[in-house]
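Me: I have a structure open and would like to go through it. Can we take it piece by piece?

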Amino acid sequence: MKKLIAAASLCVASFSVQAAIIVPEYDVEAGQKIAETVCAACHGLNGVSIVPAQPNLGGQNVKYLYKQLVNFKAGYRKNGIMQSQVANLSQQDIANVAGYYASQAPWGVGYGNPATNQEATKLFLGGDKSRGVIGCAGCHGPDAAGNPWAAFPKLGGQHAQYIATQLKLFRAAGRVDDIDSDDQKRVNDAAKEGEMGMMQTVASKLSDHDIRILSDYVSAIH
């Protein structure tokens with residue numbers, strides 16, 4: 001429990017006041033129309049993606065969805081396909097899409113790996129103090145349901161392949177000498193400008209093995 005409290009405290013400290021998220025009032029029906037033409041091919045009309053490399057969106061918290069779309073449009077989060085898809089969307093369009101997907105039924109769960117479940121559970125809940133790894137549950141909750149107020153995403157049941165990719169992108173951003181291309185990095189908000197955000201900091205400590213077992217674990221948790 002002490003480990004979870006400590007991790008949660010670090011998460012709160014890392015969430016910048018400047019990054020406070022206010023989602024404009026949104027129109028779910030208008031968001032559905034945009035989703036039908038812009039988003040559904042990759043993420044499914046109901047927010048359930050059939051492509052493991054693309055995230056499920058249905059039932060994700062609206063603040064997180066809105067912020068990620070805003071970040072793609074601003075170029076703060078890098079992905080060529082997503083940046084082109086949101087390029088012609090207004091702020092109101094983005095709010096409508098986020099609101100639509102958030103209103104959908106949550107996605108289901110995948111399949112974990114029984115062989116690594118115990119090890120992954122320990123890492124997810126409590127981290128590994130000996131290596132400076134902070135447990136994921138401090139920010140995302142013990143059931144990986146996320147924190148809608150802080151815009152920390154729901155992870156439980158998400159595609160393992162997508163989770164693994166994102167952790168590697170965060171890790172690359174946290175290890176400044178690892179990858180030169182910004183397109184192969186993902187960053188999130190830091191408490192102060194010039195500092196690394198929580199996800200870069202945490203992921204920088206993860207091995208390939210850590211990422212593999214955590215991704216499998218998260219895909220099955222609910």
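Predicted model: local features only at pLDDT ≥ 70, side-chain atom pairs only at ≥ 80, totals over all residues.

Me: OK. How many residues are in the largest nonpolar core?
Reply: The largest nonpolar core has 21 residues. A nonpolar core here is a set of buried Ala, Val, Leu, Ile, Met, Phe, Trp, Tyr and Cys residues joined through side-chain atoms within 4.5 Å. Buried means under 20% relative accessible area, exposed means over 50%, and partly exposed is in between, with a 1.4 Å probe and protein chains only.

Me: Which residues have the most contacts inside it?
Reply: Phe-124, Leu-167, Leu-206, Leu-214, Tyr-217 and Val-218. At least two core residues each come from helix 6 (117-126), helix 8 (160-174), helix 9 (198-203) and helix 10 (208-220). Helix 10 gives the most, with five residues. Helices are DSSP runs of H or I with at least four residues, and strands are runs of E with at least two, numbered from the N terminus.

Me: What does Tyr-217 touch?
Reply: Leaving out residues up to four places away in sequence, Tyr-217 touches Asn-117, Ala-120, Thr-121 and Phe-124. A contact is heavy atoms within 4.5 Å.

Me: And the second core, what does that include?
Reply: That one is separate and has 20 residues, including Val-62, Tyr-66, Tyr-100 and Ala-151. As background, nonpolar side chains in soluble globular proteins tend to be buried together.

Me: Back to helix 10. How many residues does it have, and what span does it reach?
Reply: Helix 10 has 13 residues and reaches 19 Å from its first C-alpha to its last, close to the 18 Å expected at 1.5 Å a residue. The expected span is 1.5 Å times one less than the number of residues.

Me: Which of its residues are buried?
Reply: In helix 10, Asp-210, Ile-211, Ile-213, Leu-214, Ser-215, Tyr-217, Val-218 and Ser-219 are buried. Helix 6 and helix 8 are among the parts that cover them.

Me: Why does Ser-219 count as buried?
Reply: Because its relative accessibility is 4%. Ser-219 touches Val-109, Gly-110, Tyr-111, Gly-112, Gly-157, Gln-158 and Ala-160, again leaving out residues up to four places away in sequence.

Me: New topic. How many salt bridges are there?
Reply: A search of the whole structure finds three salt bridges. A salt bridge is a side-chain nitrogen of Lys or Arg within 4 Å of a carboxyl oxygen of Asp or Glu.

Me: What does Arg-171 pair with?
Reply: Arg-171 forms a salt bridge with Asp-208, with the closest N and O atoms 2.7 Å apart. Arg-171 lies in helix 8 and Asp-208 in helix 10, so the pair ties together parts 37 residues apart in sequence. Arg-171 is buried at 11% relative accessible area, whereas Asp-208 is partly exposed at 46%.

Me: And what does Asp-210 pair with?
Reply: With Arg-131, the closest N and O atoms being 2.7 Å apart. Asp-210 is in helix 10 and Arg-131 is in the loop between helix 6 and helix 7, 79 residues apart. Asp-210 is buried at 4% relative accessibility, and Arg-131 is partly exposed at 35%. Arg-131 also meets Asp-128 in a salt bridge (2.9 Å, N to O). Shared partners join Asp-128, Arg-131 and Asp-210 into one network.

Me: Last one: where is Ala-144?
Reply: Ala-144 lies in the loop between helix 7 (137-140) and helix 8. Ala-144 has a positive phi of about 60° although it is not a glycine, and is buried at 0% relative accessibility. Ala-151 is found in the loop between helix 7 and helix 8, with a positive phi near 65°. Most residues other than glycine have a negative phi.

Note on methods:
Residues numbered from 1 in each chain as written. Heavy atoms only, no water.
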